[in-house]
Amino acid sequence: MAVNLVNVEQVSKVYGTRALLDGVSLGVSEGDRIGVVGRNGDGKTTLIRMLAKLEDADTGRVTHNGGLRLGVLTQHDSLDPKATIRHEVIGDLADHEWAGSAKIRDVLTGLFGGLALPGFEHGLDTVIAPLSGGERRRIALAKLLIGEPDLIVLDEPTNHLDVEGISWLAGHLRTRRSALVCVTHDRWFLDQVCTRMWDVQRGSVHEYEGGYSDYVFARAERERIAATEEGKRQNLMRKELAWLRRGAPARTSKPRYRIEAANELIADVPPPRDTSALMKFANARLGKTVFELEDVTVQAGPKTLLTHLTWQLGPGDRIGLVGVNGAGKTSLLRALAEACRTQGDVQPAAGKVVVGRTVKLAYLSQEVTELKPNLRVLEAVQQVRDRVDLGNGREMTAGQLCEQFGFTKEKQWTPVGDLSGGERRRLQILRLLMDEPNVLFLDEPTNDLDIETLTQLEDLLDSWPGSLIVISHDRFFIERTTDKVMALLGDRALRMLPRGIDEYLERRRRMEETATPASASGGSGVRQAPAESVSPQAARAAKKELQKVERQLEKMSTRETTLHAQIAASSTDFEKVAKLDAELRELVAERDVLEMRWLELAEDA
């Protein structure tokens, strides 16, 4: 029988006149892996701080099992700024002792990319004081994971980690025996790691079995049975459930609930996006040309990030852009934005960027645009315009869009200076959408946003007719909002990944396996794949054919989607279904051959 590690009994917490938690009772046992979700400001962080006894409850009590070893990652670390990374993470262990520990090697490689800590000037002997918040956070996480706690409590552990780091952390936590309580807005991470969910809402905590996918279904089912009046929120939940079940079957964890009930919930829910209608509308708004890059070189200062890049962003394209840190994701967007701002007068270091004449770009950068602190939320939105056309006949006033993004009528009169970081991020996205752009660049849009706000943003983007590029470490958001994934792998090239982020992680693993291992005691720690003996002429020819193959794969993907839709629509016409199925099988076989050719060309290019 599992031992109870922590008991929370009738706990309440009030801030000002607002009850964040009201008579909450919970328990954490050995082996539990619990994800905590809820809107910003509803008390998620307060709950886990009280769970860890870092904050006192107003009423009720929290008890720990005797001798409980607790590891906590808060949003503000307690590292000694005068100490080195070695002192904080490794402690007094000699080099041969820590280098001989498989766990320590795994943690350092997973979080920092190598035992020599590439990216830190003096490796393990780097002093902590001058480091950024993100670097300090990874150090605090490494220190916690190298220990042997019975219970790990994590507050937004995926912040400042890239896609690979998040994937590694999920795998690492799955194999640990420690119990886990984790607050995060990364839904893919919740699905991979957690077996129970706590949903913090209006002072209460609702418990659900399973990961995030199971939680979405169970919550939608609970609200359906209870016949709640929150129609908009329920519809969003049902829409996300439909996408989880239809579009990404691999992410559902266990068949805990009746399939009949799930099918009943989503019976009248259409696919998230009507791709053909959006493409038609996007063509009408944008014409044939959006961005065309010809033999472009992108630089950041003296560093060359991309060379000989020939690529086209077309009307209605929805691209997820992933890649290793420093490979040039943000620099590429900035180069395109600068060419757009100057109508092509400012060009990259080499090559040419052609911008469509009708392009109206909105660029959400990682920095939050500062507004006058005494300006009210609604006024800040109305500064842009009073009404916005969302496409497909959907129109909203500034106030309605504010409500959709979690700014209630009362909150709309809050001064901007009183908003939290997440609320300012929401306001920044709102102002962008109010300007009715037809091209969106979103650089880490999920920072500081809670899951409910992310769901609302995804719903808006579903019906938004335009071209979209998203840079994000939030795998769920990329897969949910985009149709194609492209990657920068650090080799100065942009590659299309037909199988999305799974393929990206596979490629990165192969690069790691074929790279020269970094020395644990010295060296730069930067691992590079061995260069192939391909002539420059052959490489250029491979790049040209690679682009042709990518276009063919895109067409095949579109055709495959169409065939699936036709088969579903003709389910009672067995002869037609058989014919369509034969065509689909032939298409899949052709695609497999083409993907193998793509991989061969990618190596040469």
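The model is predicted. Strand 1 (residues 4-15) is joined to strand 2 (residues 18-29) and also to strand 4 (residues 59-64). Helix 16 (residues 451-462) is largely enclosed by the rest of the structure, because 12 of its 12 residues are buried.

**Strands**
- Strand 1 and strand 2 run antiparallel and are joined by 8 bridges.
- In this pairing, Asn-4 stands opposite Ser-29 in strand 2.
- The hairpin of strand 1 and strand 2 has 2 residues between the strands, and Gly-16 takes a positive phi near 65° there.
- Strand 1 and strand 4 also run antiparallel, with 5 bridges joining them.
- Ser-12 stands opposite Thr-59 in strand 4.
- In a regular strand, side chains alternate between the two faces of the sheet.

**Helix 16**
- The buried residues of helix 16 include Ile-451, Leu-454, Leu-457 and Leu-461.
- At the start of helix 16, the backbone nitrogen of Glu-452 has a side-chain oxygen of Asp-450 within 3.2 Å.

**Helix 4 and helix 5**
- Two packed helices are described by the angle between their axes and the distance between the axes.
- For helix 4 (residues 102-112) and helix 5 (residues 133-146), the angle is about 160° and the axes are 10 Å apart.
- Angles over 145 degrees count as roughly antiparallel, and helix 4 and helix 5 are therefore roughly antiparallel to each other.
- The crossing of helix 4 past helix 5 is right-handed.

Methods
Residues numbered from 1 in each chain as written. Predicted model: local features only at pLDDT ≥ 70, side-chain atom pairs only at ≥ 80, totals over all residues. Heavy atoms only, no water. Pairing = 2+ DSSP bridges. Helix = DSSP H or I, 4+ residues; strand = E, 2+ residues; numbered from the N terminus. Buried < 20%, exposed > 50% of the residue type's maximum accessible area, 1.4 Å probe, protein only. Polar contact = N/O pair within 3.5 Å; in protein donor to acceptor, adjacent residues only side chain to side chain. Axes fitted to C-alpha atoms, helices over the stretch in contact; angles between N-to-C directions. Parallel < 35°, antiparallel > 145°, perpendicular 65-115°, else oblique. Left-handed = near helix turned anticlockwise from the far one by under 90°.
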